[in-house]
Amino acid sequence: MTELLASPINPAFALLIGGFLMALLPDWRQRKFVALAAPLVALWLWMQVSVYGSYGGIHIAAIGLDLQPFRFDGLSRIWALIFIIAAFINAIYSLHERDRVQDAMAAIYGGSAMGAVFAGDLLSLFVFWELTAITSVFLIWRTGTTASRKAGMRYLVMHVGSGVLLLAGAVLLQAQTGSWAFEHIGLEAGLAGWLLFLGFGIKAAFPFLHTWLQDAYPKATISGAVILSSFTTKMAIYALARGFAGEDILIYIGMIMTAFPVFFAVIENDLRRVLSFSINNQLGFMVVGIGIGTTLGINGAAAHAFADVIFKGLLFMSMGAVMLRTGTAKATELGGLFRSMPFSAFFCLIGAASISAFPLFSAFVTKALILAAVADEGHWFVFGVLIFASAGVLEHAGIKIPYFAFFAHDSGKRPKEAPWNMLLAMGIAAFLCIFLGVNYGWLYALLPYPVLYEPYTFGHIVGQMQLLLAAIFAFGLLIKLGLYPPEVRMTILDSDWFWRKPLKQFVLWLNAVFDRLFGALENALDAKIQGIGRSLTALLSPQGASARILPGGVLTGWTAVLLLLALLTAYLAN
Amino acid sequence: MAKAPKPASKKPAATKKTTKAKPDDKPVSDGIHPAARPFLWLGSHWFQRNFMWLIGFFVLVFVGFDLFRDLYGHFAWQKVIGAKAIFGFVAFTFAVLMGWPLRKLTGRPEDYYGDGETDD
């Protein structure tokens, strides 16, 4: 392609500037125009870069600071493209909304995530990392409920904490290496490496650090949940791929991430929370691929992240449409909606088929890359767990979501079909799910390394169909036998229970103890201060002792003290 | 115990209205989307009860394909006929059945955390 620009411009700026512009525009039509135009400008800028490299570096020799805010290479290129596509689809999806704050924050959030992906140094990464946290929380708060406000605060604490760990790790690493460059870090970097690893791990929703995801996403606004599902976690996956590829520990962390959400999702009643568990499950596949660290593993992680943004976004969009029309995403309140929302149901089924990895759909190709990488390295147990997780994801995202929302028992609800813009956004995402599954060569061309893997072999198709169909058969059988746990309105405890209950109680107790302690101290001090006051009054007041033996009263006494202090200071200064 | 007499109905006796349907009256909308009408059988009890047998048939078909292909794989279990089908069935059943004890262990009332979790 002909290079139209003298020096490439960071595509993230298009979304960032667009977002700040939207914050100033009072007219919703103008805002929506900018929301649609900004990703298109970003795409144009992305297409202008034909040579890998680092552009627009800032070097401050006096403090030895070398910032590389725009590194365009095989890894950042594919992540940036999917963020641009997601920003465009999300803008279409939220065209009917008239929320200036949300419009602006969504664009800045997307731009920040893209900025983080392009960051060639840890300081630039930190700035964009924190900006994603600060802007994305508004997508939760704009729901306006008490629950969303509290969940937003918990989300913010976790994410700002993640940034603090990142900064601490970056500073330590700079002290060790003398460089701020964001390249492969590895855990061999010691404490610096571990701090960065944990910082990335919070946003990647590692086990026990994951609860912000299931806590906050279901409480976000309808389009907010779609937008959130696109950026934060995938940005963290990118950071892990850049900094910790080939770390064995990631294989086992990822393996746990794929498996544990399967059990929780079975009994969860809120379908948007089910999808949040599903995010964890899919992130696990990517983390395993990064842990394997071979070119096939990294390609698999990148390809799966690309596909996941689209099919997970599609599933969140379909649940958002249901929520917009019925006011709820609880499985107990839904069912039979395909009768009045057939297009939403159809798109949801495409998203479900994609995430379940049916042949001709995107994850059939992308998940296979990761599984092949695991098998090539001989990790038989991890391979088995990933196959189990593949059956599990079919259960919660492939069957549960469409079945309980659109089929199952008839709830009697007959809401209107989703607005045209929502259907258009879902239609584009559904098209991409199939396009990537069929024209996988197009996706391969975007991956960081050359790919030789052929997904459509007779054996792979037969094996995958056996797995999926047998799992669906099991679902039918369990329902028929009454062994499938019925949907019940309840809260399912997760590891955040530890800090939301016992830790909270402990802090409240500590607060009460300190209240009493400080109260007693205050009383004692008050008595002491009053005593000193009385002594000073007796000494310095006009009727006091000093008035009788010294020239002046209180004022004179204080003046003398101040003068003495001034003289001492002047003396010590010289 | 003697039955208490029924209180007299406060409602006035309903007057029977007979409204003749006009020939050009449209049927009352049942909320069904026109695009969904050809697919209403998807919601029928018969279909939902028997769909699994159709799926079961296709499972057998795909297991049958194993007889006509070279079974290969990195691991020994992948070379068993119908291995993936067995794995899928067992894994799915295990995941679902684990839901019962897990719910008992972790299930709490909806407003357990007391911060208005139910107001979404």
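**Salt bridges in a predicted two-chain model**

Good morning; over all chains, this structure holds 20 salt bridges, a salt bridge being a side-chain nitrogen of Lys or Arg within 4 Å of a carboxyl oxygen of Asp or Glu. Please keep in mind that this is a predicted model, in which local features need pLDDT of at least 70 and side-chain atom pairs count only at pLDDT 80 or more, while totals for chains, interfaces and linings use all residues. Residues are numbered from 1 along each chain as its sequence is written, chains are lettered from A in the order in which they are written, and side-chain values use heavy atoms, without hydrogens and water.

Let me begin with Glu183(A) and Arg71(A), whose closest N and O atoms are 3.2 Å apart in a salt bridge. This pair links distant parts of the chain, 112 residues apart, with Glu183(A) in the loop between α6 (146–177) and α7 (191–203) and Arg71(A) in strand β4 (residues 70–72); helices (H or I, at least four residues) and strands (E, at least two) are DSSP runs, numbered from the N terminus. Arg71(A) is buried at 8% relative accessibility, whereas Glu183(A) is partly exposed at 43%, where buried means under 20% relative accessible area, exposed over 50%, and partly exposed in between (1.4 Å probe, protein chains only).

Turning to the next pair, Glu110(B) and Arg489(A) form a salt bridge with their closest N and O atoms 2.9 Å apart. Glu110(B) lies in the segment after β1 (107–108) of chain B and Arg489(A) in the loop between α18 (458–480) and β5 (491–492) of chain A, so the pair joins two chains. Glu110(B) is buried at 18%, and Arg489(A) is partly exposed at 35%.
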